[in-house]
Amino acid sequence: MWISGLKWMFLIIGTMIGAGYASGRELWEFFGYESGLAILLFALLFFVCCYVIMDISHKQKSEHYIPVLEKLMGKRLTSLYDSLIVLYLFSTTVIMIAGGGATLEVLHIPYWYGVMIISALLIILFVWGLNGMTSMNSILIPILILFLVGTLLVFQYTTGFNDDFALNKQSNWPSAFTFTALNILPLVAVIGAIGKKIAHRGEIWIASIGSATILGVVSLLYNQSLITVAQEVMVYEIPLFAILQNYPYFMVLIMSGLLWGAIYTTAASGLLGLCTRFKAYINVPFWLLSFMFIILMIPLTTIGFSKLISILYPLYGLVNLYILAAIMLYPIVHRFDDKATI
């Protein structure tokens, strides 16, 4: 039970810790000053979301996210949200593949070589299907977290721990809802694919509590570190490098590797959601299905996505808030017919 619960926990964390999170950009955009309470609320909301989605997925014995969506949204809205999730997963995976190619340019690897490397590694990963995904997360995610937390703790130690948490200065608490909502679509897509694999309800508790606690602690530590270098953050495209500005160059290389790993896990999560969704329609092995998607994605990495993102992301934000509300209300609405839910 514990091993399986930790496996799902790392899968959830791997879905969350994308390039935006690992770089600090996502955290700085949503949190920053007076956000201690917001991050604690986020951890609580994230726990509830993970538990409810995993609970539904487990009971439906789902192999993709449609049964979860139908329970949350009803059959009428499911087709609309299905289309939006497919579009979201596809577009973010394209952006991650492009980001994987661009990140390796730091090591003087040409962009297209970088794109081919991350694409090949994604296809190889899915030779083992869902087991390949969970095994990769079980190895890679602890390494990412250890390096990130280690860097942040050393930084906090050298600058003096910033533990300012005045309850009367927590005006940014509403950001907890928007930040949680931002990550709902990939969470539904990935967790919805593992319902048939969950053998015991204890796995749900371990994965939900563990992922929410780890992400809450890391987010709080990361946010406090970014506040310390707030002036420099405005200069850097990647806020993490503002923290690393006085570190040796090899640390910058290591953390660049961490960012690449975060990009890889996000791309893998997106592909997992797409492959599990279309497996019923295209009955081929996972690796071949992922290869087909990547062939479609690679040409699109040359397109400037800024306009596409400016249109899609506000739409995703509205959609995600609606799903977040449905998830939070689900235990209340079903409290009589499903006493096992929270």
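## Residue classes and the second largest pocket

In this report, Ala, Val, Leu, Ile, Met, Phe, Trp, Tyr, Cys and Pro count as nonpolar, Asp, Glu, Lys and Arg as charged, and the others, Gly among them, as polar. By these classes, the lining of the second largest pocket has 5 nonpolar, 2 polar and 4 charged residues. The structure is a predicted model, in which local features need pLDDT of at least 70, side-chain atom pairs count only at pLDDT 80 or more, and totals for chains, interfaces and linings use all residues. Residues are numbered from 1 along each chain as its sequence is written, and side-chain values use heavy atoms, with hydrogens and water left out.

The residues lining this pocket are Glu63, His64, Leu130, Ala193, Lys196, Lys197, Leu272, Thr276, Lys279, Ala280 and Phe286. A pocket is found on a 1 Å grid over the protein atoms alone, as an open set of points where a 1.4 Å probe fits, with protein on both sides within 12 Å along at least five of seven lines; lining residues have an atom within 4 Å of a point. The second largest pocket holds about 220 Å³ of space, a volume being the space filled by probe spheres set on the points, which are joined across faces, edges and corners.

## Helix 15

Helices are DSSP runs (H or I, at least four residues), numbered from the N terminus. Helix 15 covers residues 286–297. Its 12 residues should span 16 Å at 1.5 Å a residue, and its end C-alpha atoms are 16 Å apart, which agrees; the expected span is 1.5 Å times one less than the number of residues.

Which residues of helix 15 are buried? They are Phe286, Leu289, Ser290, Phe293, Ile294 and Met297, where buried means under 20% relative accessible area, exposed over 50%, and partly exposed in between (1.4 Å probe, protein chains only). Seen down the helix axis, these buried residues fall within an arc of 135 degrees, so they line one face of helix 15; the arc is that of the directions from the helix axis to the C-beta atoms. The buried residues pack against helix 6 (75–103), helix 7 (111–125), helix 8 (129–159) and helix 14 (249–278).

## Buried residues in other helices

Helix 10 (residues 184–191) is largely enclosed by the rest of the structure, because 8 of its 8 residues are buried. Among them are Ile184, Leu185 and Pro186. Leu89, in helix 6, counts as buried at 2% relative accessibility. The C-alpha atoms of Leu89 and Leu185 are separated by 8.4 Å, although the two residues are 96 residues apart along the chain. Contact means heavy atoms within 4.5 Å; leaving aside neighbours within four places in sequence, Leu89 is in contact with Pro186, Ala189, Gly270, Gly273 and Leu274.

Ala22 belongs to helix 2 (residues 19–22) and is buried, with a relative accessible area of 0%. Ala22 and Met255 are 233 residues apart in sequence and 9.2 Å apart in space, C-alpha to C-alpha. Asn223, in helix 11 (residues 201–228), is also buried, with a relative accessible area of 0%.

## A residue with positive phi

Lys61 is found in the loop between helix 4 (36–60) and helix 5 (66–73). Lys61 is partly exposed, with a relative accessible area of 44%. Its phi is near 50 degrees, a positive value in a residue other than glycine. Most residues other than glycine have a negative phi.

How values were computed. Helices (H or I, at least four residues) and strands (E, at least two) are DSSP runs, numbered from the N terminus.
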